[in-house]
Amino acid sequence: MNLEHANTFHLILMIVICATIVITIITAKRGRKLFIRRIPGLSAIDETVGRATEMGRPMLFSVGLGGIDIPTLQAMGVMSHVAKLAARYGNRLIVPVADAMMVAVCEEATREAWLEEGKPEAHRPEDIRFLSGEQFAFAAGMMGLVIREKVASTFLFGYFYAESLLLAEAGQESGAIQVAGTPATTQIPFFIVSCDYTIIGDEYYAASAYLTQEPTLLGSLVGQDITKAILLLMIVVGTILAFFYVEDKNPLIQLLTRTVGG
Amino acid sequence: MNHPDAWVIWIGVICTLAVYSILYRENPVFRFFEHVYIGLAAGYGIFTTVTQVLVPQWGIPLFKEGKWSWIFSMLIGVMFYFVYSKRHVWIARWAMALFIGTGAGLGIAGFVTEFVPQMKASIKPIWHAPWTLNTFSFNNLLMFITLITVMSYFFFSIEHKRPVLKGSAQTGRWLLMIAFGAIFGNTVMARVSLFIDRMQFLLFEWLKFHQPY
Amino acid sequence: MMQEKRKVFYIRRAIFLIMAIAVAIPLLVKISMPIIVSWPTRDLYEAVEKVPPDKIVVISNNWAAGTQGETAPQTAALIYHLAKRHKKFALWGWNSVQGPLLAQQIAEPIAQKFGLKYGVDWVNWGFKTGSDQMVRAWARDIPGTMKEDINHTPMSKLPFMKNVRDHKDIGLIVEITGSATVGTYIRFLYGIYRTPIGYGCTGVMVPEAFPYLDAGQLVGMMRGLVGAAEYEELAGYKDGKAGKRMAAQSFAHMLIIALIIVGNAGYFIARRRKNAHAEGGQP
Amino acid sequence: MLKHRWLLWIIIFAAVIGWALLLFLLGKLRSREKKLIIIVTTFLGGLFYVLEFFFPGKLHLFSWKTVNNPFTPFLEPLGQAFMVIGGFTLLLGVINLTMVHGGNIRKLKKGWYNSLAFFVAMLAMAFFGLWDAYGKQTTPFGKTAHEIYLSLFNGALVSLDATMFSLLAFYMATAAFRAFRLRSGEATVLVLAAFLVMMGQVPMGMWFTHGLPTEGSLSGFRTENIAMWLLGIISMSGLRAVNFGVGVGALAMSLRLWLYLERGAFFEQEF
């Protein structure tokens, strides 16, 4: 919990994990064919964009409440995919933002998406809407936005807290198709009850690989799988060792405790 | 706030009712108060940023204590504003890159600090010496099964068709749904309690109803 | 289709209205609600009862205004019990500056009611910065770490501190918190000295606490507001805030449960009708 | 640190000019070179935190010398610096809001008065708050400013926050009504778990099983015990398993960003 520095065990573990991920990325880049199973929630993204286009109503993509950090940058990856689709089909994409620094990042990412589709003049910077850095002021603003702009589809990706259900219910109220995913695990139940498609757990971090089919990202995904297998194996071995646990006097357990630390 | 002024209560009541009006439908009153709310929050953001960050953490070290190197944190901050310039947008990107890099570095360190203790906590004896009925823990067995099966559901690079993995992933999904249901139920208490709070404010502080308890 | 939409619209508003009424009525009309005490709260109560008279109870207030809806009634119920039994207790906190201050506001009227003297029967050590290292040092030397109380009175001037030196003088520590702080006590007090630790936390934190409880690292726990209400019931605290809200809380929960049942009944009826219709439509 | 005040101003002035000059000169570089600068910056930014963490707190070199972690002393000032940099980006949000709402007012779009209300609220809150913190408080105006600040904060902002938060109680009720249908096996267990936990948390729900003994194996069927068991055993380990995956995903993403392996929104474009 209050680990200040890594010990040798942590260092070795991290070297193994990082090497695994980097190696799978490199082999994937060299052209190894990789398989990724179907992830229903992610397959729905393209379809959701298509429906908004048919209805001729705008889409809304929220990247959550985070600043420039890992979960939010992953949401940005999905956002730029959706932005490219929006640019291709000539649709509007409204991006409510809750962090001042993210205004700049979102502005950049959307502009790039429109540029890549060859329509830089169609990019509307005024659709990047900073609402508020305060949790519930942001929620109020976004609820109003969803209902007033009559958005046809909403995407809720990124780090959300208690406001998750407010945002999703506003979309539900206005009849939008909603796709949501968050690494904040305790908020997932609220997305499940009020969104059409929910991306659960680390499907969230698989999203950009799945959507772009970029070899680098697919390779990374395979590396993640191997890493999870390593962690799983460690837990299994640890649990088997724990069969020999005698109160807290067993040297094996003590050794384990000392190496794993924490 | 033990004896708030009458008009503070009235402001509170108007704000409360305006927000609850969205329960009927989006309406001009809600819209007005939504804008007021965002305005107040923005103003409060300016206020806290100045009083808690810019003055004590930057202004005082720089101007009062003469630590001149703090000027650079302002210069880096200003770089973000180049996002509005098409030609110089790379300057903003440069500043963003610094934040992305630190975010990544913290992410790598954070993995160890967050998950190694959790891994240790997941290793629990299911049945330990002297291996009698008393030392067998059904709960620990169940926790172990939940952990394994749920993790197996999240393997992406293998098709969930092989019998063992299929069974495990399916079990994992069911257990995950139980977990989500329980979390939903657990959150109800906290949210309802917040609403009771508001209701007490409206009934007793504003309408001055007699408190029966 | 349009009619279906209208129906959904009205049902939704009806639910909102019923919800508001379900909460308002038990607040306006006294509805007595038998409080059933769950075992973690009972265990905590009994652990407090068992503290020997020569030892003190420490209430660690690592909560702040944001979670006071749940944590303040817990603190009040606990202090009421301690004051009623004339057990010596100390307040402090190291996670939030507000915690010990808010606890002081709770403790003063209760102590006055039972004629307890500040500095003799109870103290407030105030807020101390630092976490793990400070708590470790504190366990070895309480007056040395604290130096002065919340009113800046030196420890040596407080009669309460005469027999309080280190962890051996603590009969029980109750951690009341809205964030993940209890681990520090479990590792450095229970882990090293086997000092009993009690716990009061917000409802959303209950799942994380359960393994500690199961392993005996925590002697008992108040789970959110309902835990506070149960403790009030055990301690006989009639003016407690949590108990008064339990009727409204129960009504709201039961309403949601009823809604689930009604929703499903409607769903199954509609499905059966649809099936029957489909069968009827077959040539 | 500095003896003369004017020296400080000269240094600040020189730093600003030097910085502008540096940016101007770097602007002359070709876009590939600029890209390289950005990649290196990202790497260095991450490298510091990685080294700081993986370098032991105290390194014992065969007992003849002990080296303290050389990076840890910089951790706090660096954190403070990042906070200050973040503080300076504050206006990005304000500019965005001003452009949107200013546009509404200028063009007298439908609902322009809402935008006006936004400006009034923002300026009032910031002005009276800052006056309360830094202005003269003893003057009559100072006292009024204090009063206005407090009523804006306690009366309006706190109520708005609390009320927005409490809307969740309503939405949870409708969401439960609408979505908790026993359509499939998975949905059924989800609903049952939510149902039991809700029961086990209020006196009325616990009352249904209060006849069961408090001790022994039957006590496990009391609603409060079922609720705690669901939360403490299945929820806790289920969420932990999900979090392992999420953590690994975040780690992989961190690695990709750090080592310039990410293909996403950021490093693609030529300048």
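Predicted model: local features only at pLDDT ≥ 70, side-chain atom pairs only at ≥ 80, totals over all residues.
View 1. The side chain of R111(A) forms a salt bridge with E107(A), and the closest N and O atoms of the two are 3.9 Å apart. E107(A) is also buried, with a relative accessible area of 5%. Both residues belong to helix 4 of chain A, where they are 4 residues apart, or about one turn of the helix.

**View 2. Helix 4 of chain A from end to end.** This helix covers residues 100–116 of chain A, and its 17 residues should span 24 Å at 1.5 Å a residue, which agrees with the 25 Å between its end C-alpha atoms. Of these 17 residues, 15 are buried, so the helix is largely enclosed by the rest of the structure. The N-terminal end of the helix is capped by D99(A), a side-chain oxygen of which lies 2.9 Å from the backbone nitrogen of M101(A). Just after the helix, G118(A) takes a positive phi of about 75°.

**View 3. A salt bridge between chains A and B.** Here R148(A) forms a salt bridge with E34(B), with 2.9 Å between the closest N and O atoms. The pair crosses between chains, since R148(A) lies in helix 5 (residues 135–148) of chain A and E34(B) lies in helix 2 (residues 28–64) of chain B.

View 4. The side chains of R245(C) and D197(B) meet in a salt bridge, with a distance of 3.3 Å from N to O. R245(C) is in helix 10 (residues 241–281) of chain C and D197(B) is in helix 6 (residues 163–206) of chain B, so this pair joins two chains. R245(C) is buried, with a relative accessible area of 7%, while D197(B) is partly exposed, with a value of 40%.

**View 5. A salt-bridge network in chain A.** Some salt bridges share partners, and in this way R92(A), R124(A), E126(A), D127(A) and E149(A) are joined into one network.

**View 6. A polar contact between Q74(C) and C201(C).** Q74(C) lies in helix 3 (residues 68–84) of chain C, and a polar atom of its side chain lies 3.1 Å from the backbone oxygen of C201(C). Q74(C) is buried, with a relative accessible area of 0%, and C201(C) likewise counts as buried at 0% relative accessibility. Another cysteine, C18(A), counts as buried at 17% relative accessibility.

**View 7. I76(B) and I91(B) in chain B.** I76(B) lies in helix 3 (residues 71–79) of chain B and counts as buried at 18% relative accessibility. Although I76(B) and I91(B) are 15 residues apart along the chain, their C-alpha atoms are separated by 9.5 Å.

View 8. The patch is formed by F32(B), L108(D), W112(D), Y113(D), L116(D) and V120(D), which together have about 570 Å² of accessible area. The largest share of the patch, 4 residues, comes from helix 5 (residues 112–134) of chain D. L108(D) is placed in the loop between helix 4 (90–106) and helix 5 of chain D, and at 54% relative accessibility it counts as exposed.

View 9. Most residues other than glycine have a negative phi. What is the phi of L108(D)? The phi of L108(D) is near 45°, a positive value in a residue other than glycine. K150(A) has a phi near 50°, which is also positive in a residue other than glycine. K150(A) lies in the loop between helix 5 and strand 4 (153–159) of chain A, and K150(A) is exposed, with a relative accessible area of 52%.

Conventions:
Residues numbered from 1 in each chain as written. Chains lettered and ligands numbered in written order. Heavy atoms only, no water. Patch = residues over 30% accessible without salt bridge, like charges linked within 9 Å, V, L, I, M, F, W, Y side chains within 5 Å. Areas by Shrake-Rupley, 256 points an atom, 1.4 Å probe, with all protein chains shown as cover. Salt bridge = Lys/Arg side-chain N within 4 Å of Asp/Glu carboxyl O. Buried < 20%, exposed > 50% of the residue type's maximum accessible area, 1.4 Å probe, protein only. Expected span 1.5 Å × (residues − 1). Polar contact = N/O pair within 3.5 Å; in protein donor to acceptor, adjacent residues only side chain to side chain.
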